[in-house]
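Please look over the sequence and the model shown here before reading the report that goes with them.

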Amino acid sequence: MEDNKYTREYNEQSFWEKIRKNASVAGKKAIEPAFILYYCLQDKDTPLKAKLIILSALGYFILPLDAIPDLSPIVGYSDDIGALLTAVEMVRAYTKPKHIEKANEQLRKWFGE
């Protein structure tokens, strides 16, 4: 699997900035898979192929130019949600319960119970 423009767009600072600026607009549905992928990416046991898939999806999520602009909470984030959910499915074999637990912990911090 080769690197693409989206893998080059991802960096941790941009990820957290996108979350901070857009969590309330994007909603829990968009942010949950982003957090799962983020914690899977941080795991040293996640293979490179899976990390490239994750980087592509997270890079697309933070890239300001989308197929569908992020102006509307429902329609604008549908492409981001699709990319994130597809990546979650593609790396499911490498997603550990601790990744999901950490994601849920972050969701509670951002959105409450």
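The report below moves from the overall fold to the core, the aromatic rings and the charged side chains.

## Basis of the description

This is a predicted model, in which local features need pLDDT of at least 70 and side-chain atom pairs count only at pLDDT 80 or more, while totals for chains, interfaces and linings use all residues. Residues are numbered from 1 along each chain as its sequence is written, and side-chain values use heavy atoms, with hydrogens and water left out.

## Overall fold

The protein chain has six helices and zero strands, where helices (H or I, at least four residues) and strands (E, at least two) are DSSP runs numbered from the N terminus. Read along the sequence, the pattern is α-α-α-α-α-α. Among contacts (heavy atoms within 4.5 Å) between residues at least 6 apart in sequence, 70% join residues at least 24 apart.

Of the 113 residues in the protein chain, 45% are buried; here buried means under 20% relative accessible area, exposed means over 50%, and partly exposed lies in between, with a 1.4 Å probe and protein chains only. The accessible surface of the protein chain comes to about 6500 Å², and 56% of this belongs to carbon and sulfur atoms; such areas come from the Shrake-Rupley method with a 1.4 Å probe, and for residues only the protein chains shown count as cover.

## The nonpolar core

In soluble globular proteins, nonpolar side chains tend to be buried together. In this model the largest nonpolar core has 32 residues, and those with the most contacts inside it are Tyr10, Phe15, Ile31, Phe35, Leu37 and Leu58; a nonpolar core is a set of buried Ala, Val, Leu, Ile, Met, Phe, Trp, Tyr and Cys residues joined through side-chain atoms within 4.5 Å. Helix 2, helix 3, helix 4, helix 5 (78–90) and helix 6 each supply at least two residues of this core, and helix 3 gives the most, with ten residues.

Lys29 and Tyr77 are 48 residues apart in sequence and 9.6 Å apart in space, C-alpha to C-alpha.

## Aromatic rings

The count comes to six aromatic pairs, under the rule that rings of Phe, Tyr and Trp (its six-membered ring) pair if their centres lie within 6.5 Å, with planes under 30 degrees apart counted as stacked, over 60 as edge-to-face and the rest as tilted. One of these pairs is formed by Trp16 and Tyr38, which are edge-to-face at 5.2 Å centre to centre with 80 degrees between the planes. Trp16 lies in helix 2 and Tyr38 in helix 3, so this pair ties together parts that are 22 residues apart in sequence. Trp16 is partly exposed, with a relative accessible area of 24%, whereas Tyr38 is buried at 5%.

Tyr38 also forms an edge-to-face pair with Tyr39, at 5.0 Å centre to centre and 80 degrees between the planes, and both of these tyrosines are buried. Phe15, Trp16, Phe35, Tyr38 and Tyr39 form one aromatic cluster. Elsewhere, the charged end of Lys18 sits over the ring of Phe61, 5.4 Å from its centre; this requires NZ of Lys or CZ of Arg to be within 6 Å of the ring centre and within 35 degrees of the ring normal.

## Salt bridges

Side chains of opposite charge can pair when their charged atoms come close. A salt bridge is counted when a side-chain nitrogen of Lys or Arg is within 4 Å of a carboxyl oxygen of Asp or Glu, and by this rule there are six salt bridges. One of them joins the side chains of Glu17 and Lys21 at 3.2 Å, N to O. Because they are four residues apart in helix 2 (residues 12–26), Glu17 and Lys21 are separated by about one helical turn. Glu17 counts as partly exposed at 32% relative accessibility, and Lys21 as exposed at 51%.

A salt bridge also forms between Lys98 and Asp43, whose closest N and O atoms are 3.8 Å apart. This pair links distant parts of the chain, with Lys98 in helix 6 (residues 97–111) and Asp43 in the loop between helix 3 (28–42) and helix 4 (48–62), 55 residues apart. Lys98 is partly exposed, with a relative accessible area of 40%, while Asp43 is buried at 7%. Lys44 forms a salt bridge with Asp45, the closest N and O atoms being 3.4 Å apart; Lys44 is exposed at 73% relative accessibility and Asp45 is partly exposed at 48%. Through salt bridges that share partners, Asp43, Lys44, Asp45, Lys96 and Lys98 are joined into one network.
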